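Open your viewer and load the model.

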Amino acid sequence: MIVHTNASANRLCSQFNQGNFNQNFVPSAIWSICKLLLSSQYLFSDKLLILSDEIVLDKSNVFRIRVRLLDLYGFEMPCLLVTIENQCESVKNVALTEVKKFDLTPREAEIWFLYRSNYSYKEIAIKLYITINTVKKHMKNIYTKRQSNLSDILTDGIAIKIAL
């Protein structure tokens, strides 16, 4: 078996194996999905198969794993493309875009990041050393800003339709 990884994948695979990553060794959490795809390929030979799963190391380290069978010319052995997505990083990127889009204050941004990362109001309050009522107040302000932004988009959309 030949494994090729980029630097980010090496780092993640090492993290999955608690620091013990050999270049030609696939972490068991990923290999189990690969084996399932390989065993299923003959059942669905006429279809593009992509299997996915999550690896949860802890609340802030959740990874989406996608495995796809590649039909590469010149290779007799099956080739698999494994994509690893850090869910928390993806959520942070989306939240960062929303922070800018809705013009949130720094404190609202902190609360929004945690909320988008599936923290409860209580967990947010504990983490930021504030009361639950303060979290609720900030979330109300955030929703107001989001609603206002949505209203602006809808109003613009209606104006465009009328102009046409």
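**Stop 1: the whole chain**

Remember first that this is a predicted model. Show the protein chain as a cartoon. How many helices and strands are there in the protein chain? There are six helices and three strands. Now trace the chain along the sequence. The pattern reads α-α-β-β-β-α-α-α-α.

The accessible surface of the protein chain is about 11500 Å². Carbon and sulfur atoms account for 57% of that surface. The chain has 164 residues, and 29% of them are buried. Contacts between residues at least 6 apart in sequence can also be sorted by separation: 38% of them join residues at least 24 apart.

**Stop 2: β1 and β2**

Select residues 50–58, which are strand β1, and residues 61–70, which are strand β2. The two strands run antiparallel, and eight bridges join them. Together β1 and β2 make a hairpin, with two residues between them.

Pick out some facing residues. Which residue in β2 stands opposite aspartate 53? Select isoleucine 65 to see the answer. Then try glutamate 54, whose bridge partner in β2 is arginine 64. As you step along, watch the side chains. In a regular strand they alternate between the two faces of the sheet.

**Stop 3**

Select leucine 69, then its bridge partner in β3, leucine 80.

Show its side chain. A polar atom of that side chain lies 3.1 Å from the backbone nitrogen of glutamate 89. What else does asparagine 86 touch, beyond its neighbours within four places in sequence? It is in contact with Val62 and Phe63.

**Stop 4: helix α4**

Select residues 106–116, which form helix α4. Colour its buried residues: Glu108, Ala109, Ile111, Trp112 and Leu114. Look at how they are spaced. An α-helix has 3.6 residues a turn, so residues three or four places apart point the same way.

**Stop 5: the aromatic rings**

The structure holds four aromatic pairs.

Tyrosine 115 lies in helix α4, while tyrosine 143 lies in helix α6, residues 132–163. The pair therefore ties together parts that are 28 residues apart in sequence.

Are these two tyrosines buried, partly exposed or exposed? Tyrosine 115 has 28% relative accessibility, so it counts as partly exposed. Tyrosine 143 is partly exposed too, at 33%.

With Tyr115 and Tyr143, they form one aromatic cluster. Recall that Trp112 is one of the buried residues of α4.

Notes: Residues numbered from 1 in each chain as written. Predicted model: local features only at pLDDT ≥ 70, side-chain atom pairs only at ≥ 80, totals over all residues. Heavy atoms only, no water. Polar contact = N/O pair within 3.5 Å; in protein donor to acceptor, adjacent residues only side chain to side chain. Contact = heavy atoms within 4.5 Å. Buried < 20%, exposed > 50% of the residue type's maximum accessible area, 1.4 Å probe, protein only. Helix = DSSP H or I, 4+ residues; strand = E, 2+ residues; numbered from the N terminus. Phe/Tyr/Trp six-rings, centres within 6.5 Å; stacked < 30°, edge-to-face > 60°. Areas by Shrake-Rupley, 256 points an atom, 1.4 Å probe, with all protein chains shown as cover. Pairing = 2+ DSSP bridges.
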